[in-house]
Amino acid sequence: MNPWAEYTPTDASPWDLKKAGHLFRRAAFGATHAELQQALKDGPKKAIDRLLKGGEQPADFDATSDYMAGERSLPAGSGNERLAAWWLWRVLHTAHPLHEKLCVFWHNHFATSNVKVQNARYMLGQYRLIARHALGDFRELLHGMSFDPAMLVWLDAKESKKGKPNENYARELMELFSLGIGHYTEADIREAARAFTGYNVAAGKMTFDPKQHDPGEKTVFGMKGNYKGDDIVKLCLDKPSCPTFIVTKLYRYLVNETVEPKDELIAPLAEQYRKSGFDTGKLVETILRSEHFFAADNYRQRVKPPVEFAVGILKGLEGTTGPQPLAAELDRLGQALFAPPSVKGWDGGPTWLNAQTLLFRQNLALALTSGDGIGRRCDPAAVLIKHGITKDEQAVEFLLGVFHQHDVPAAAKDKLLTHLADSAKVKYPTFWSADDVVRHRLRTVAHLTLTLPEFQLA
């Protein structure tokens, strides 16, 4: 059986709320009640179509994004928190969440940090390069990234000159960006480094100085030529291991990060990727539409990174928040956009969770459900009341449906109902109105819903 055959609902594997929630966690940043219900009604084909194409962006989306990224709002020397806030604003307001999700993937793949680059203009330029090709041609993305100003600063291009090549970019191009360990030699790196001499940055653009370039013959992957940097990129793309390496990383990002995928899973995708001209959009579509994507073994097999954790709360609560305070919170959780910890990016998986970060996650969930401060624009009480929910059982059903698609142990639901019953007996301050009490109880049960272990998993 072909695991990448298109998923078709059956009695044994129906299209249900659980599968719709799985789709939105993997191909977006979570979903609202309305989005889940629409997906349930539409069926998998239409639901996936909508995510692949994206919706119509709000009328002022691009203009607001451009204004926030302008030199006046975000000068070249801006601190990283303001850069991260700009991107979080886009994630929070976009009508094409799959595109932003893939931008985060490529940002981690080509991990570049403004902590070293120290130039917001360069980092924004790199984001825009990624955005142009996030669901497009990986070949163009890899060529562009090899001469991107932020990348050239990040991996010390100015140090790479004729007679004294710097191996940083040549090494990471092969090890992290295209081939993976074991598919090149140290000699390949040394020779490729010679091809990347003479490149630098001036006035915000890549420059090439022939006097600083080594024009001599180089031997890379057993082939000889008077190679320049672009030639090395093409040689990497032509290696059979390249599509396999990229497909495996995307598999771990979209499908399952807990097990090493078998060759029979990766090989057909890698062949498709190569034949399509490295069309990432088509690859992602094949994955999302497949039987394998919706298989039970791949359900909740990713730990939510901090961005997905926080934005998933905001989506479910149909709200937003100030992107700069949120950026500061996510930094504490270990994921500062535009500042991955190393050229290898974030390790992800279980490394996102430890005693400290779990506490920070619970505190962030509390802040976002409090109805004031950072959570004043994502009030769970307001959402529940908007949906006509007035009874405890209804509130628990709604929250478990949006955030868990009801896939939690019965004991967890009982605990939430018990909390609401107990909270109804509490003596509240005399100056609180009946409405104040209702809203407080709804906010607290929303927070408890988000602290269930299942919410940590995508």
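Contact here means heavy atoms within 4.5 Å. The exercises below concern a predicted model.

**Exercise 1. The pairing of α5 and α6**

Determine how helices α5 and α6 are arranged, which residues meet, and how the residues of the contact divide by class.

Solution. 
1. Locate the two elements: α5 comprises residues 80-93, and α6 comprises residues 97-109.
2. Consider the geometry. The helices pack at an angle of about 145°, and their axes are 10 Å apart.
3. From α5 come Trp-87, Arg-90 and Val-91; they meet Glu-100, Cys-103, Val-104 and His-107 of α6.
4. Sort them by class. The contact has 4 nonpolar, 1 polar and 2 charged residues.

**Exercise 2. The two sides of α2**

Identify which residues of α2 are buried and which are exposed on the other side, and state what the buried residues pack against.

Solution. 
1. Apply the cut-off for burial, which is under 20% relative accessible area. In α2 (residues 33-42), the buried residues are Leu-36, Ala-39 and Asp-42.
2. Look down the helix axis. The buried residues of α2 fall within an arc of 130°, and therefore line one face of the helix.
3. Recall the general principle: an α-helix has 3.6 residues a turn, so residues three or four places apart point the same way.
4. Turn to the other side of α2, where Ala-34 and Lys-41 are exposed.
5. Find the partners of the buried residues: these pack against α1 (17-27), α3 (44-53) and α21 (392-404).
6. Inspect the position just after α2. Here Gly-43 takes a positive phi of about 90°.

**Exercise 3. The crossing of α14 and α16**

Describe how α14 crosses α16, and characterise the residues of the contact.

Solution. 
1. Begin with the axes. Those of α14 (residues 241-254) and α16 come within 11 Å and cross at roughly 45°.
2. Classify the angle: it makes α14 oblique to α16.
3. Assign the handedness. The crossing in which α14 passes α16 is right-handed.
4. Name the residues. α14 contributes Val-247, Leu-250 and Leu-254, while α16 contributes Thr-280, Leu-283, Val-284 and Ile-287.
5. Divide them by class: 6 are nonpolar, 1 is polar and none is charged.

Conventions: Residues are numbered from 1 along each chain as its sequence is written. This is a predicted model: local features need pLDDT of at least 70, side-chain atom pairs count only at pLDDT 80 or more; totals for chains, interfaces and linings use all residues. Side-chain values use heavy atoms; hydrogens and water are left out. Buried means under 20% relative accessible area, exposed over 50%, partly exposed in between (1.4 Å probe, protein chains only). Helices (H or I, at least four residues) and strands (E, at least two) are DSSP runs, numbered from the N terminus. The arc is that of the directions from the helix axis to the C-beta atoms. Axes are lines fitted to C-alpha atoms, for helices over the stretch in contact, and angles run from 0 to 180 degrees between N-to-C directions. Angles under 35 degrees count as roughly parallel, over 145 as roughly antiparallel, 65 to 115 as roughly perpendicular and the rest as oblique. A crossing is left-handed if the near helix is turned anticlockwise from the far one by less than a right angle, and right-handed if clockwise. Ala, Val, Leu, Ile, Met, Phe, Trp, Tyr, Cys and Pro count as nonpolar, Asp, Glu, Lys and Arg as charged, and the others, Gly among them, as polar.
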